[in-house]
Amino acid sequence: MIRTLLAAPLMFGAALIASPVLADTLVYNVDGVTIDENGDVKRFTSLVFDDDGIITHTLERGEERPEDIDFAMDGAGQVMLPGMIDAHVHVMGIGVGALTLDLSDTNSLEEALAKIALFAEENPGRPWILGRGWNQEKWGLGRFPTAAELDAVVSDRPVWLSRVDGHASWANTMAIEEAGVTAETRDPEGGRIIRTASGAPEGVFVDNAETLVNSIVPAPRPEDRDAALAMAQERLLANGITAVADMGIGIEDWQTFRRAGDNGTLRIRIMAYANSVESMELIGGPGPTPWLYEDRLRMGGIKIYVDGALGSRGAILKEPYDDEPGTSGLALITPAQLRNRMSLAALNNFQTAVHAIGDAANADVLLAIAELSETYTGDRRWRIEHAQIVDVEDLARFGEHGVIASMQPLHQTSDRTMAEARLGEDRLGGAYAWRSVLEVGGRLAFGSDAPVEPADAFAGLAVAISRTDADGQPFGGWRSQEAINRQQALAAFTSDAAFAGFADGRFGRLIPGERADFLFVDRDPMLASPTDIRETEIREVWVGGQRVFAR
């Protein structure tokens, strides 16, 4: 006897969340969309998954249903999509950011200072005021903020606030004094202390200089980390994100994920990348970990930083910055160190994911991949994270070794005017060059870099096909020749993002043999306008055949 469940399109009771499915289930009457084994868009009207949450059939209109069905669920004609995969996030950063001070919505220094003052007033028991999200470019400040400006609103305890991109932080005087940083403190290699005319620290620490203060910030307790992971999962699932590549984890993060897996509260899938060779070896030992918790967790690679970000002028450029000719960026490691770390990883079959934003950084990483590919053969899936500014002459290298450009469409809209100011028109030919990467034979995987940008795959899809922001600007799209088509964009947020993390064949597509990770949404992104795609409502989220979110 087939029992029938109704997937109502709007409201669900809390009792339905994470409801177990214990037998073969048919979901029928859906407008299903996925990327198939050949990379093409496939449509279907029904999907069957077994009691392990693995898809056994997808059916097109008119095809007969399998006979051994125990449950049937009416999809009510809704659009069914694969769960979105964010190919570059910082999971604990999302959660910690949600539990601390968030300045990402502030539009001026004055607005930020008022929010900081209110947060301090509402949290008198916090020994440090910690937060993130400030952006002097968005504020139109034309400079970095100062410790004196922070002191005016909070002077009774240390304040330490990370810039939106995580590549600079802002301290008040108490934090600077507790860290022991003075005019005599030298800039660390790969870092810069922003200073007054007299040489004293002015309040902002860039890239490796952040460690001067980070080293004295109280570490989160295990229960704080557990709360942050729970919050991050809530936010990701509410946005239809069922799997992520978590870039740059330490042993504390890994243990937090393991605790959640052990107690059954790990709901998303995490493809983890270690933050150092030491973490990689501590977590993985002689090689990548196995997939754990029914394909919910694996540590398979290492995240390596070569340079900083455009916003703090830390991205390494071949020529000086247009708006600050005295600098060409900050190298966080040397070319020799880069090759050494990549070799250590590849020797034990760990994947490398290298952060490179400036054209000089990207050129060196591409050269390193070419050099190392002669020794480390086989399926390596070399990744470059961000790949924002690439010299046009270097683009072809993405195709030579099938390099994966792990990029974030929302960065293009957030950074557009800043990139123009930092680089000038002549160096924009390879900026956020999604179509060019594909045309030369490279691969794309899309993400958000959350919490730097919102973990919003549908906003990312809209940008990828239009090169316009939420207001439809600029008209016709910024460097619109680099827009990609809808099929390519959907693949970059699903099947290709899974491929980038060695998860292909496990999840990322709604095809037989893969996990039943799917969404019900209120519109078809293959047909909707970019503006309408941004407004997509996530109605239900299923991971491994279990409903984990319902609106």
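Reader: Is tryptophan 170 buried or exposed?

Author: Start with the scale. Buried means under 20% relative accessible area, exposed means over 50%, and partly exposed lies in between (1.4 Å probe, protein chains only). Tryptophan 170 has 0% relative accessibility, so it counts as buried.

Reader: What kind of model is this, and how are residues numbered?

Author: This is a predicted model, where local features need pLDDT of at least 70, side-chain atom pairs count only at pLDDT 80 or more, and totals for chains, interfaces and linings use all residues. Residues are numbered from 1 along each chain as its sequence is written, and side-chain values use heavy atoms, with hydrogens and water left out.

Reader: How many aromatic pairs are there?

Author: First the rule. Rings of Phe, Tyr and Trp (its six-membered ring) pair if their centres lie within 6.5 Å. Planes under 30 degrees apart count as stacked, over 60 as edge-to-face, and the rest as tilted. The count here comes to 13 aromatic pairs. One of them joins tryptophan 139 and tryptophan 170. That pair is edge-to-face, with 6.1 Å centre to centre and 65 degrees between the planes.

Reader: Which parts does this pair tie together?

Author: Helices (H or I, at least four residues) and strands (E, at least two) are DSSP runs, numbered from the N terminus. Tryptophan 139 lies in helix α3 (residues 136-139), and tryptophan 170 lies in strand β13 (residues 168-171). The pair therefore ties together parts that are 31 residues apart in sequence. Tryptophan 139 counts as buried too, at 9% relative accessibility.

Reader: Which residues do ring pairs link into a cluster?

Author: Look at Phe49, Phe518, Phe520 and Trp542. Ring pairs link these residues into a cluster.

Reader: What lies over the face of tyrosine 28?

Author: A charge sits over a ring if NZ of Lys or CZ of Arg is within 6 Å of the ring centre and within 35 degrees of the ring normal. Over tyrosine 28 lies arginine 65, at 4.5 Å from the ring centre. Phenylalanine 502 has arginine 381 over its face, at 4.1 Å from the ring centre.

Reader: What is the strand order in the open sheet of six strands?

Author: Two strands pair if DSSP finds at least two bridges between them. The order is β4-β3-β8-β23-β24-β25, and the pairing is mixed. At the edges stand β4 (41-44) and β25 (546-550). Each has a single partner strand, so one side of each is left without a neighbour in the sheet. Inspect β3 (residues 31-35) and β8 (residues 79-82) as well: they pair in the parallel sense over two bridges. Glycine 32 has methionine 80 in β8 as its bridge partner.

Reader: How many salt bridges does the structure hold?

Author: A salt bridge is a side-chain nitrogen of Lys or Arg within 4 Å of a carboxyl oxygen of Asp or Glu. The structure holds 36. Take arginine 547 and glutamate 540, whose side chains meet at 2.8 Å, N to O. Arginine 547 is buried, with a relative accessible area of 6%. Glutamate 540 is buried as well, at 0%.

Reader: Where is aspartate 187 in this picture, buried or partly exposed?

Author: Aspartate 187 is partly exposed, with a relative accessible area of 35%. Its salt bridge is with arginine 195, and the closest N and O atoms are 2.9 Å apart. Arginine 195 is partly exposed, at 25%.

Reader: Which residues are linked in a network of salt bridges?

Author: The network links Glu137, Arg192, Arg313, Asp323, Glu324 and Arg422.
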